[in-house]
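Subject: Structure handover

Hello,

Here is the structure you will be working with. Please look it over first; my notes on it follow below.

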Amino acid sequence: MKHFAYLYLTILTFAVMGCSSSSVDSGTSQTEVSDCTKEGWLLSCDQILDGGPGQDGIPSIDKPNFSPVSDITFHDDHELVLGVKVDNQVKAYPNVILYYHEIANDVVGNQPLAITYCPLTGSGIAWNRTLDGTTTTFGVSGLIHKNNLIAYDRATGSNWSQMKNKSVHGTFKGTATETVQLVEMTWGSWKKAFPNSQVLNTNTGYSRNYNKYLYGADYPDDNSRILFPIYNEDSRLERKVLVHSVNYGLYSKAYPIRDFETSMQVINDTFEGHELVIAGNSALEMTVSFERITADGSELQFEAVTNDLPIIMKDQEGNRWNLFGEAVSGPREGETLTPTPSYNAYWFAVADFFNFPRIHNF
């Protein structure tokens, strides 16, 4: 255990180098790992590890700055971004920036959101920052569970598991997060699909080399580089295969993004009693999923629309739908599909969090 923690601390020490003392507070974790049993965590105590840098040692971005797509020059086309749309506002958050911060507290439309990204598990999830009527910000606790981020809210100090989407300790213990759909895809495809969107820029208030990945460019592909223990190893896929994980309760179904066609592909599927549509494109490194049952109880059947981003699919009624599940033309124009409870993450992390996940057979 000490070896993993030391390795992580070494890497994270690099992450905070170059900051002025006024712009980063290394701090200490609010809750010591040794207090796990006494404090009543919802996680196994021996699986909560001290990552090393302490609370806020990885600083969240609390005053994000944005630029238009045309002004972004630091991002290569093949690198990934996380995108969100609320009301009519569309924003993108480059993964290379979130590698160094893990959380960006922002407002999109009128919605206060925390854009969370754990580089160790490759998982990006957006949370509503309003908890029980109070809007707060989230920070990085410095604790790790199954290689995954444990965040904390600054209103109560409660700890939140990113991939469980739930508070696992403190005032809000047992409370699920309210999530908002994120779309992950290559920067090259995002800027074509959303040329008028705003993009998180490198004016974060911290000195970082955002042209390089914190853990090295090979981390997403090197299956041997896992910094903390894996408790449920599953060799059906290589560890670092990025999958779209659809999660209902304790059960998950994984759709390996690499296995989708290089043009848009649509899968009408059923999982845990839910009728789903999954749309993916391996060339864009993009997969999204929605419920196929509409608000009026109709069940839609979808097929792919190619080379027309952000439009990705159409249905038997003649509606055309975009990446965010919005009908942009047809009799249901203005309606929005319900996103599934899902996110992208590395296979080893999904297998560690869920009970023998199913894998879609292409």
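A polar contact is a pair of N or O atoms within 3.5 Å; within protein, one atom must be able to donate a hydrogen and the other to accept it, and residues adjacent in sequence count only if both atoms are side-chain atoms. One case is Ser161, whose side chain has a polar atom 3.2 Å from the backbone nitrogen of Lys164.

The model is predicted, so local features need pLDDT of at least 70 and side-chain atom pairs count only at pLDDT 80 or more, while totals for chains, interfaces and linings use all residues. Residues are numbered from 1 along each chain as its sequence is written, and side-chain values use heavy atoms, with hydrogens and water left out.

The hairpin

Ser161 is part of strand E12; strands (E, at least two residues) are DSSP runs, numbered from the N terminus. Ser161 is buried, because its relative accessibility is 1% and buried means under 20% relative accessible area (1.4 Å probe, protein chains only). Leaving aside residues up to four places away in sequence, Ser161 touches Trp127, Asn148, Leu149, Lys166, Val168 and Phe353, where contact means heavy atoms within 4.5 Å.

Strand E12 (residues 159-161) runs antiparallel to strand E13 (residues 166-169), joined by three bridges; two strands pair if DSSP finds at least two bridges between them. Asn159 has His169 in E13 as its bridge partner. Four residues lie between the strands of this hairpin, and Asn165 takes a positive phi near 50 degrees.

The open sheet

Four strands form an open sheet of mixed pairing, in the order E26-E17-E18-E27. Strands E26 (342-346) and E27 (358-359) stand at the edges with a single partner strand each, so one side of each has no neighbour in the sheet. E17 (residues 242-248) pairs with E26 in the antiparallel sense over five bridges, and His244 stands opposite Asn344 in E26.

The largest pocket

A pocket is an open set of points on a 1 Å grid over the protein atoms alone, where a 1.4 Å probe fits, with protein on both sides within 12 Å along at least five of seven lines; lining residues have an atom within 4 Å of a point. The largest pocket holds about 670 Å³ of space, a volume being the space filled by probe spheres set on the points. Its lining has 31 residues, and the closest to its centre are Asn165, Asn247, Pro341, Ser342 and Tyr343. E17 and E26 are among the strands that each supply at least two residues of this lining.

Regards

Technical notes:
Buried < 20%, exposed > 50% of the residue type's maximum accessible area, 1.4 Å probe, protein only.
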